[in-house]
Structures are given as structure tokens and as C-alpha cells.
Amino acid sequence: MKAVEHLRILADYNAWMNARLLDSAERLSVAERRTDLGAFFGSIDATFNHLLIGDSIWLRRFASDTGKAASFLRERQSDLAPAAPLDGQVAADPAAIRRLRQEIDAVISGWVDLLDGAQLEHTLAYTNTQGRPFKRNLGALAVHFFNHQTHHRGQISTLLFQSGIDAGITDLLARIPELD
């Protein structure tokens, strides 16, 4: 499987899993979603907000590259979360979280659809949130991008379970078509 095809599977899984977790979280009250349950970002909604912020930071970094995919990201900046600290809040209520999540997931899918294998070989220069400069392979950064989402969605899944909500199947395999 080519790297770009792998990223398309991850983009599909990302949007599907985000929707599943948001649907599951809607079974809780706003107060329950905001209760600090001891996770790294505290609550379910705080972790959703961290993902919105982190995804937006990375998509802005990816927009600094060249090519069609980066150009697409530059055109879609208004669909991303506003700049905020990693533990900030960019969406205050469940409807705002869902709306922004859907917009960002659409941007992610559009970006991945425009990537090509050559682009993934690029070196991306970026600055982290502490101002430290880095240069890394774009393909490896894209894998990190999706891995980061999976990590924090696992936390959300656990927080939901601790709150009495089973989000159901969360495996990537559920999104990979079976072959004949």
C-alpha cells in the first residue's frame, strides 16, 4: 500500500471515530462532559478541544509546504480552530465542538486527497508551540498527526466508559474494507 493510500484510510477513520465519540458524548449532560476525570486534559470536552487545537496547529504547519495540498490548506484557514494554547478552549458547548470538528475533518480529508507520494518526501520546516524550530519529513509528520488524534481519542473513549458510556467498536479494522 502506498503511503498516500494509508493516509486516506487514516483520514476516513479519523472522521468516523470523531463522529462516534461525539455521538457517544451527547448521551452525557454538559456538566458530565466538563467534569475533570483526571485525564491529561481533565474532561471529555477539554480533550475534544485539545484535539481541535492540535489538529489546527498541524494543519497550519502543513499549509506552509508547497503544492496543491498545502495551497488547499491555506485556502481553508478560516475553517480551523483559532490559535489557542494546547489546553485552551476553542469550542465552548457540544454543538460548537461538533461543528468545528466536522469542519476540521473535512479539511483533513481534502488535504489528504490532494497529497501525492512525492509531496510526502518533502522536508517541512516548522516551529513548535515553544518557538523551537524543527525540520522533519512531511510523511512522518502526517503519521504523527493521525497518531496524536488516535492517542487522545483513546483517552476520550476511556473517559466515556468511566462515565457509563460505551462508544462501541473503535478499531481501525472496522473501516478497512474486507478483500474478496
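Guide: Let's begin with a term: two residues are in contact when they have heavy atoms within 4.5 Å. Please keep in mind that this is a predicted model.

Visitor: Which residues does Leu73 touch, leaving out those up to four places away in sequence?

Guide: With those neighbours left out, Leu73 touches Leu59, Phe62, Ala63, Val107 and Trp111. Leu73 itself is found in helix H4.

Visitor: Is Leu73 buried or exposed?

Guide: Residues under 20% relative accessible area are called buried. Leu73 counts as buried because its relative accessibility is 1%.

Visitor: How far apart are the C-alpha atoms of Leu73 and Trp111?

Guide: Their C-alpha atoms are separated by 6.6 Å, although the two residues are 38 residues apart along the chain. Trp111 has its own set of contacts: beyond four places in sequence, Trp111 touches Leu59, Phe62, Ala69, Phe72, Leu73, Ala142 and Phe145.

Visitor: How do I read the two faces of strand S1?

Guide: In a regular strand the side chains alternate between the two faces of the sheet. In S1, Leu124 and Tyr126 make up the covered face, while Thr123, Ala125 and Thr127 make up the uncovered one.

Visitor: Which strand is joined to S1, and by how many bridges?

Guide: S1 is joined by five bridges to strand S2 (residues 133–137), and the two run antiparallel. Thr127 stands opposite Pro133 in S2. The two strands form a hairpin with five residues between them, and Gly131 in the turn has a positive phi of about 90 degrees.

Visitor: What lines the largest pocket?

Guide: Its lining has 14 residues, with Trp58, Arg61, Leu86, Thr129 and His144 nearest the centre. Helix H3 (44–62) and helix H7 (138–162) are the elements that give two or more residues to this lining, and H3 gives the most, with five. By class, the lining has five nonpolar, seven polar and two charged residues. The space in this pocket is about 280 Å³.

How values were computed:
Residues are numbered from 1 along each chain as its sequence is written. This is a predicted model: local features need pLDDT of at least 70, side-chain atom pairs count only at pLDDT 80 or more; totals for chains, interfaces and linings use all residues. Side-chain values use heavy atoms; hydrogens and water are left out. On a 1 Å grid over the protein atoms alone, a cavity is a set of points where a 1.4 Å probe fits but cannot get out, and a pocket is an open set with protein on both sides within 12 Å along at least five of seven lines; lining residues have an atom within 4 Å of a point. Grid points are joined across faces, edges and corners, and a volume is the space filled by probe spheres set on the points. Helices (H or I, at least four residues) and strands (E, at least two) are DSSP runs, numbered from the N terminus. Ala, Val, Leu, Ile, Met, Phe, Trp, Tyr, Cys and Pro count as nonpolar, Asp, Glu, Lys and Arg as charged, and the others, Gly among them, as polar. Buried means under 20% relative accessible area, exposed over 50%, partly exposed in between (1.4 Å probe, protein chains only). Two strands pair if DSSP finds at least two bridges between them.
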